[in-house]
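Hello,

Here is the structure I promised to pass on to you. Have a look at it first, and then read my notes below.

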Amino acid sequence: MKIYTKKGDTGTTSLSYGERVSKDDPRVEAYGTVDELSAFIAYLRDSMDPVKTFLDEYRDDLAVVLNDLMSVEALLASGDISQSKIADISPDQTGYLEKRIDYISEQLQPLTRFTIPGGHPLVSLCHICRTVCRRAERQAVHAAAAFDIPSGAMAYLNRLSDYLYQLGRKLSEEYAVTEVLWEPVYKR
(Lines give C-alpha, C1' and ligand atoms only; values in the text may rest on other atoms or scores of the structure.)
Protein backbone atom coordinates (compact mmCIF):
# COMPACT_ATOMS: atom_id res chain seq x y z
CA MET A 1 0.00 0.00 0.00
CA LYS A 2 1.37 3.38 -0.99
CA ILE A 3 1.47 6.12 1.61
CA TYR A 4 0.80 8.87 -0.88
CA THR A 5 -2.16 8.95 -3.27
CA LYS A 6 -1.84 12.48 -4.70
CA LYS A 7 -5.63 12.84 -4.27
CA GLY A 8 -5.14 15.56 -1.68
CA ASP A 9 -2.91 17.72 -3.82
CA THR A 10 -5.87 19.92 -4.76
CA GLY A 11 -6.88 20.62 -1.15
CA THR A 12 -9.40 17.85 -0.59
CA THR A 13 -9.40 14.72 1.54
CA SER A 14 -11.68 11.76 2.10
CA LEU A 15 -13.81 11.13 5.10
CA SER A 16 -14.02 7.54 6.36
CA TYR A 17 -16.57 6.42 3.79
CA GLY A 18 -15.04 8.09 0.76
CA GLU A 19 -16.84 11.43 0.71
CA ARG A 20 -14.39 14.04 -0.63
CA VAL A 21 -14.34 17.29 1.32
CA SER A 22 -12.13 20.35 1.55
CA LYS A 23 -9.23 20.04 3.96
CA ASP A 24 -10.64 23.03 5.82
CA ASP A 25 -14.00 21.29 6.38
CA PRO A 26 -14.95 21.70 10.07
CA ARG A 27 -14.98 17.92 10.57
CA VAL A 28 -11.44 17.66 9.21
CA GLU A 29 -10.34 20.53 11.46
CA ALA A 30 -11.95 18.77 14.45
CA TYR A 31 -10.53 15.31 13.88
CA GLY A 32 -7.16 16.78 12.93
CA THR A 33 -7.02 18.58 16.26
CA VAL A 34 -8.01 15.39 18.09
CA ASP A 35 -5.14 13.70 16.25
CA GLU A 36 -2.81 16.47 17.47
CA LEU A 37 -4.17 15.98 20.98
CA SER A 38 -3.46 12.25 20.77
CA ALA A 39 0.14 12.93 19.80
CA PHE A 40 0.60 15.29 22.76
CA ILE A 41 -1.04 12.83 25.16
CA ALA A 42 1.26 10.08 23.86
CA TYR A 43 4.19 12.42 24.47
CA LEU A 44 2.94 13.14 28.00
CA ARG A 45 2.58 9.41 28.68
CA ASP A 46 5.98 8.59 27.19
CA SER A 47 7.55 11.36 29.30
CA MET A 48 6.38 9.73 32.54
CA ASP A 49 9.38 7.97 34.07
CA PRO A 50 8.54 4.22 34.23
CA VAL A 51 10.70 3.88 37.36
CA LYS A 52 8.32 6.16 39.25
CA THR A 53 5.57 3.66 40.06
CA PHE A 54 3.22 6.37 41.36
CA LEU A 55 2.79 7.33 37.70
CA ASP A 56 1.56 3.86 36.67
CA GLU A 57 -2.11 4.65 37.20
CA TYR A 58 -1.84 7.83 35.14
CA ARG A 59 0.02 6.04 32.34
CA ASP A 60 -2.81 3.49 32.40
CA ASP A 61 -5.42 6.27 32.26
CA LEU A 62 -3.69 7.85 29.29
CA ALA A 63 -3.55 4.51 27.44
CA VAL A 64 -7.34 4.28 27.81
CA VAL A 65 -7.69 7.89 26.66
CA LEU A 66 -5.55 7.31 23.57
CA ASN A 67 -7.78 4.42 22.51
CA ASP A 68 -10.92 6.47 23.13
CA LEU A 69 -9.53 9.41 21.16
CA MET A 70 -9.04 7.18 18.11
CA SER A 71 -12.77 6.46 18.33
CA VAL A 72 -13.52 10.18 18.62
CA GLU A 73 -11.41 10.80 15.49
CA ALA A 74 -13.21 8.04 13.61
CA LEU A 75 -16.58 9.46 14.62
CA LEU A 76 -15.63 12.94 13.47
CA ALA A 77 -14.25 11.55 10.19
CA SER A 78 -17.27 9.40 9.40
CA GLY A 79 -19.09 12.14 7.51
CA ASP A 80 -22.62 11.01 8.25
CA ILE A 81 -22.78 9.53 11.74
CA SER A 82 -25.51 7.15 10.62
CA GLN A 83 -22.90 5.55 8.33
CA SER A 84 -20.33 5.10 11.08
CA LYS A 85 -19.48 1.60 12.17
CA ILE A 86 -17.91 3.07 15.30
CA ALA A 87 -20.23 3.43 18.29
CA ASP A 88 -20.51 6.83 19.90
CA ILE A 89 -18.45 7.33 23.04
CA SER A 90 -20.51 5.74 25.79
CA PRO A 91 -21.53 7.25 29.12
CA ASP A 92 -19.30 4.57 30.69
CA GLN A 93 -16.26 5.89 28.84
CA THR A 94 -16.98 9.45 29.96
CA GLY A 95 -17.87 8.09 33.41
CA TYR A 96 -14.40 6.54 33.65
CA LEU A 97 -12.90 10.00 33.30
CA GLU A 98 -15.34 11.40 35.86
CA LYS A 99 -14.35 8.71 38.38
CA ARG A 100 -10.69 9.43 37.81
CA ILE A 101 -11.27 13.20 38.17
CA ASP A 102 -13.14 12.60 41.44
CA TYR A 103 -10.40 10.27 42.71
CA ILE A 104 -7.68 12.81 41.95
CA SER A 105 -9.75 15.71 43.32
CA GLU A 106 -10.23 13.96 46.66
CA GLN A 107 -6.45 14.02 47.12
CA LEU A 108 -5.99 17.71 46.32
CA GLN A 109 -6.71 20.93 48.11
CA PRO A 110 -9.86 22.58 46.74
CA LEU A 111 -9.29 25.31 44.21
CA THR A 112 -9.92 28.89 45.26
CA ARG A 113 -8.39 30.55 42.19
CA PHE A 114 -7.13 29.57 38.77
CA THR A 115 -3.69 28.01 38.60
CA ILE A 116 -0.96 29.16 36.27
CA PRO A 117 0.63 26.33 34.26
CA GLY A 118 4.21 25.27 34.86
CA GLY A 119 6.65 24.16 37.50
CA HIS A 120 7.58 20.79 36.00
CA PRO A 121 7.72 19.54 32.40
CA LEU A 122 4.96 16.96 33.02
CA VAL A 123 2.70 19.61 34.53
CA SER A 124 3.29 21.88 31.54
CA LEU A 125 2.58 18.98 29.16
CA CYS A 126 -0.73 18.36 30.95
CA HIS A 127 -1.67 21.98 30.32
CA ILE A 128 -0.61 21.78 26.68
CA CYS A 129 -2.82 18.70 26.30
CA ARG A 130 -5.67 20.47 28.10
CA THR A 131 -5.55 23.49 25.82
CA VAL A 132 -5.36 21.39 22.66
CA CYS A 133 -8.31 19.37 23.99
CA ARG A 134 -10.31 22.57 24.52
CA ARG A 135 -9.53 23.61 20.95
CA ALA A 136 -10.63 20.20 19.66
CA GLU A 137 -13.85 20.58 21.60
CA ARG A 138 -14.50 24.05 20.14
CA GLN A 139 -13.87 22.72 16.64
CA ALA A 140 -16.19 19.76 17.25
CA VAL A 141 -18.88 22.22 18.37
CA HIS A 142 -18.30 24.20 15.17
CA ALA A 143 -18.61 21.00 13.10
CA ALA A 144 -21.76 20.02 15.01
CA ALA A 145 -23.43 23.24 13.89
CA ALA A 146 -23.50 21.88 10.33
CA PHE A 147 -23.11 18.11 10.65
CA ASP A 148 -24.34 15.23 12.77
CA ILE A 149 -21.58 15.01 15.36
CA PRO A 150 -22.16 12.43 18.12
CA SER A 151 -22.95 13.92 21.50
CA GLY A 152 -20.95 11.31 23.41
CA ALA A 153 -17.76 12.33 21.63
CA MET A 154 -18.44 15.97 22.49
CA ALA A 155 -19.03 15.18 26.18
CA TYR A 156 -15.87 13.06 26.25
CA LEU A 157 -13.70 15.92 25.00
CA ASN A 158 -15.21 18.24 27.59
CA ARG A 159 -14.52 15.81 30.42
CA LEU A 160 -11.04 14.97 29.15
CA SER A 161 -9.92 18.58 29.45
CA ASP A 162 -11.08 18.54 33.10
CA TYR A 163 -9.15 15.31 33.69
CA LEU A 164 -5.99 16.81 32.18
CA TYR A 165 -6.31 19.89 34.39
CA GLN A 166 -6.64 17.79 37.53
CA LEU A 167 -3.81 15.50 36.41
CA GLY A 168 -1.58 18.56 36.11
CA ARG A 169 -2.53 19.60 39.63
CA LYS A 170 -1.86 16.10 40.95
CA LEU A 171 1.52 15.92 39.25
CA SER A 172 2.38 19.30 40.80
CA GLU A 173 1.73 17.71 44.18
CA GLU A 174 3.65 14.51 43.34
CA TYR A 175 6.70 16.49 42.23
CA ALA A 176 6.43 18.95 45.15
CA VAL A 177 5.83 21.87 42.81
CA THR A 178 4.16 24.85 44.39
CA GLU A 179 1.08 25.69 42.38
CA VAL A 180 1.17 29.31 41.29
CA LEU A 181 -2.24 30.85 41.71
CA TRP A 182 -3.43 33.62 39.46
CA GLU A 183 -3.42 36.99 41.18
CA PRO A 184 -5.84 39.19 39.26
CA VAL A 185 -5.26 42.92 39.25
CA TYR A 186 -8.57 44.64 39.79
CA LYS A 187 -9.58 48.06 38.54
CA ARG A 188 -9.51 50.82 41.09
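Two aromatic pairs turn up in this predicted model, where rings of Phe, Tyr and Trp (its six-membered ring) count as a pair if their centres lie within 6.5 Å, with planes under 30 degrees apart called stacked, over 60 edge-to-face and the rest tilted. One of them joins F54 and Y175 edge-to-face, with 5.7 Å from centre to centre and 65 degrees between the planes. These two residues are 121 apart and link distant parts of the chain: F54 sits in the loop between α1 (26-47) and α2 (56-76), and Y175 in the loop between α5 (151-174) and β4 (180-181). Helices here are DSSP runs (H or I, at least four residues), as are strands (E, at least two), and both are numbered from the N terminus. F54 has a relative accessible area of 28%, so it is partly exposed (buried is under 20%, exposed over 50%, partly exposed in between, with a 1.4 Å probe and protein chains only).

F114 and W182 make a tilted pair, because their planes stand at 50 degrees, and their ring centres are 6.1 Å apart. F114 is exposed at 58% relative accessibility, while W182, at 43%, is partly exposed.

A charge also sits over a ring: R27 lies over the face of F147, 3.6 Å from the ring centre (the rule asks for NZ of Lys or CZ of Arg within 6 Å of the centre and within 35 degrees of the ring normal).

Now to the helices. The axes of α4 (residues 121-144) and α5 come within 9 Å and cross at roughly 170 degrees; axes are lines fitted to C-alpha atoms over the stretch in contact, and angles run from 0 to 180 degrees between N-to-C directions. Therefore α4 is roughly antiparallel to α5 (over 145 degrees; under 35 is roughly parallel, 65 to 115 roughly perpendicular and the rest oblique).

Finally, look at A176 in the loop between α5 and β4. Its phi is near 55 degrees, a positive value in a residue other than glycine. A176 is exposed, at 69% relative accessibility.

Residues are numbered from 1 along each chain as its sequence is written, and side-chain values use heavy atoms, without hydrogens and water. As the model is predicted, local features need pLDDT of at least 70 and side-chain atom pairs 80 or more, while totals for chains, interfaces and linings use all residues.

Best wishes
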